[in-house]
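Thank you all for coming; I would like to walk you through one chain this morning, going from its overall layout to a few individual residues. Please keep the sequence and the model in view while I talk.

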Amino acid sequence: IGAKQAEGQLLASAREVESRILNLVYPSSEDPDTVSAALQKNVRDIMSGAGLVVADSRIESTMREGAFDVIGLTVSVTGSIDALDAALLEVVSYTPLLLVTDINVMSERSSRRNGANKEDQVLTVKMHLLALRRVE
């Protein structure tokens, strides 16, 4: 392969990678505050739609990392393990890309003597999520 031919292939590959990245992040044309508020609403909707009860959600300060703004969100929810599983499946398929960077799951104690079983178990979950917004 000649240098000119290789250059063309490399440029085409670079354009394809750039296109894929743009589908994973919020565009620079969207205001950071608007993105943060929409992200918070969408995550709350995902959690409640999966059957979890949202106790709290908090947008964190946006940080600049190279060509991206990193938007952080902390969410506290309660519910069943099945509801948590459904919510996490929704988070995985969310676009632009939404990353769970930390998750803390605690089980509320239940007594077997009271007839409690796995389906009755209630979880308290606190998770930290990140999304990226491209900066021009």
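Predicted model: local features only at pLDDT ≥ 70, side-chain atom pairs only at ≥ 80, totals over all residues.

The secondary structure of this chain amounts to three helices and five strands, where helices (H or I, at least four residues) and strands (E, at least two) are DSSP runs numbered from the N terminus. Read from the N terminus on, the elements follow the order α-α-β-β-β-α-β-β. Residues are numbered from 1 along each chain as its sequence is written, and side-chain values use heavy atoms, with hydrogens and water left out.

Let me begin with the chain as a whole. Of its 136 residues, 30% are buried, and by that I mean under 20% relative accessible area, with exposed being over 50% and partly exposed in between (1.4 Å probe, protein chains only). Taking contact to mean heavy atoms within 4.5 Å, among contacts between residues at least 6 apart in sequence, 68% join residues at least 24 apart.

If we leave aside neighbours within four places in sequence, Val43 is in contact with Leu73, Val75, Leu98 and Leu129. Ala37, by comparison, lies in helix α2 and counts as partly exposed, at 42% relative accessibility.

Turning to the strands, β3 and β5 pair in the antiparallel sense over 12 bridges, pairing here requiring that DSSP finds at least two bridges between the strands. Phe68, for instance, has Arg134 in β5 as its bridge partner. Strand β5 is also joined to β4 (residues 99-107), by eight bridges and again antiparallel, and there Leu99 has Leu130 as its bridge partner. Ser76, which lies in strand β3, is buried because its relative accessible area is 18%. Setting aside neighbours within four places in sequence, Ser76 is in contact with Val53, Val54, Ala55, Asp56, Val125 and Lys126.

Which residues of α3 are buried? They are Ala83, Leu84, Ala87 and Val91. Seen down the axis of α3, these buried residues fall within an arc of 100° (taken from the directions from the helix axis to the C-beta atoms), so they line one face of the helix. In general, an α-helix has 3.6 residues a turn, so residues three or four places apart point the same way. The buried residues of α3 pack against α2, β4 and β5, whereas the face turned away from the buried side carries the exposed residues Asp82, Leu89 and Val92.

I will finish with the loop between α3 and β4, where Pro96 is found. The peptide bond from Thr95 to Pro96 is cis, with omega near 0°, and as a general point most peptide bonds are trans.
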